[in-house]
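Biologist: Can you put the model up? I would like to go through a sheet and a core.

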Amino acid sequence: MASPAPIARARRRRAPSLSLRARRRAAANQRAGGSGGSRRAAGAAMEDVCAKFVSQKISKTRWRPLPAAALQPPDLFATGSWDNEDNRISIWSVGDLGNVGLNGEYQGEPHLLCDIRHNGDVMDMQFLDQERIVVASSTGTVTVFRHHQNNQTLSANQRWEKAHYHVDQDTSCGGAACTGVICNNPEIVTVGEDGRINLFRADQKDAVRTIDNADSSTLHAVTFLRTTEILTVNSIGQLKIWDLRQQRNELSQIFSLTGDRVPLHCVDRHPNQQHVVATGGQDGMLSVWDIRQGTMPVSLLNAHEAEMWEVHFHPSNPDHLFTCSEDGSLWHWDTSTDVAEKPSFLHQGGRSTTYFSHNTINQSVVSAWLSNDPTKDRMEITNLIPNQTLSVNSLDILGPCLVYGTDAEAIYVNRQLFA
């Protein structure tokens, strides 16, 4: 059985009951047969996915952004760990690009370029640019690490100690977990367990702005809607929009799930339609919102059997969306209009492909995620992990490449997702 979660993780995840979560993890571990079973299952059923076992639980995975107009696929990614005696930030190369099998499948294995110790659990992580990575810690500290590509080393470039804290920033034990970070170079926005929002700039020592009482509950994640607007999600099922141009620390708009105030853990904005937002929460449901109208989600889609940890639209093909969960699954949601005419993506060994209709209300915009045309309103959902194991904590997608990290102490890379 997996070791029990530390306090920081338990607070962040707000599991309905520890005993339920322990049972889930025990069942998942039994299904997987340990990390060795995970390796065999992944290798046998998903030839195009490369697994790397790293002896640490992975909490975050992020592709390094590509230069503008780059034609090559992503080649480097970063990982952060949690619940280890010695947590690390690591930079990986995807492996030997020339190592291709007879059927054209990629066979290289990710290899470690460099790593550095990180104090506390890695709660979130975002690339600021091609060299710098912003990391949120369970200690409340936010650190900018620089990747020196000439000699493959990592160094702490800048650090904001206890950017988030419960009582007093100066006390030794007052840190509150920094749960989310989003970057729009040079600006960095962080949120935390303390309900605080910070705006930093990469070249400035002190915070540009702090909204101390942004929320009375835990803020779990944040995203930019526009360069001057951010959206946060919290532990009582609310979305809040903040206009950073306003000097008064007052929110612009609030949205809420009805019913039991289920904690929301993750959020992502559609890359082309800024009014379309997807969230995931403790109940595993995928919610799609149109922030131009109403205060409730447009669609509520049954998804995972446990907490959803991350949701990401594909950055250049947002008809595709990806979610991962505590239940050990990673789902690919495809709303392409021609979905009925094409084969399923990568569901060998996984769930059989199913088609869902999602209910919409008051929609006038033509959008794959908001459309109310039943002839187009079809969705293909594929589980990309055929044998569920321990929690899939993080994923990132760029071009044809997917990377994800798990509590089974492994990272996985798929470089031919749309093959």
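Biologist: What should I know before we start?

Modeller: This is a predicted model, where local features need pLDDT of at least 70 and side-chain atom pairs count only at pLDDT 80 or more, while totals for chains, interfaces and linings use all residues. Residues are numbered from 1 along each chain as its sequence is written, and side-chain values use heavy atoms, with hydrogens and water left out.

Biologist: In what order do the strands of the open sheet run?

Modeller: The order is β6-β7-β8-β9, with antiparallel pairing. Strands are DSSP runs (E, at least two residues), numbered from the N terminus, and two of them pair if DSSP finds at least two bridges between them.

Biologist: Which are the edge strands?

Modeller: β6 (122–127) and β9 (153–160), each pairing on one side only.

Biologist: And is β7 buried or exposed?

Modeller: In β7 (residues 132–137), 6 of 6 residues are buried; buried means under 20% relative accessible area with a 1.4 Å probe, protein chains only. Arg132, Val134 and Ala136 lie on one side, and Ile133, Val135 and Ser137 on the other.

Biologist: What does Ile133 stand opposite in β8?

Modeller: Phe145. Ile133 is also the bridge partner of Phe127.

Biologist: New topic. How many residues has the largest nonpolar core?

Modeller: It has 18. Such a core is a set of buried Ala, Val, Leu, Ile, Met, Phe, Trp, Tyr and Cys residues joined through side-chain atoms within 4.5 Å.

Biologist: Which strand gives the most to it?

Modeller: β22, with 3 residues.

Methods
Helices (H or I, at least four residues) and strands (E, at least two) are DSSP runs, numbered from the N terminus. Buried means under 20% relative accessible area, exposed over 50%, partly exposed in between (1.4 Å probe, protein chains only).
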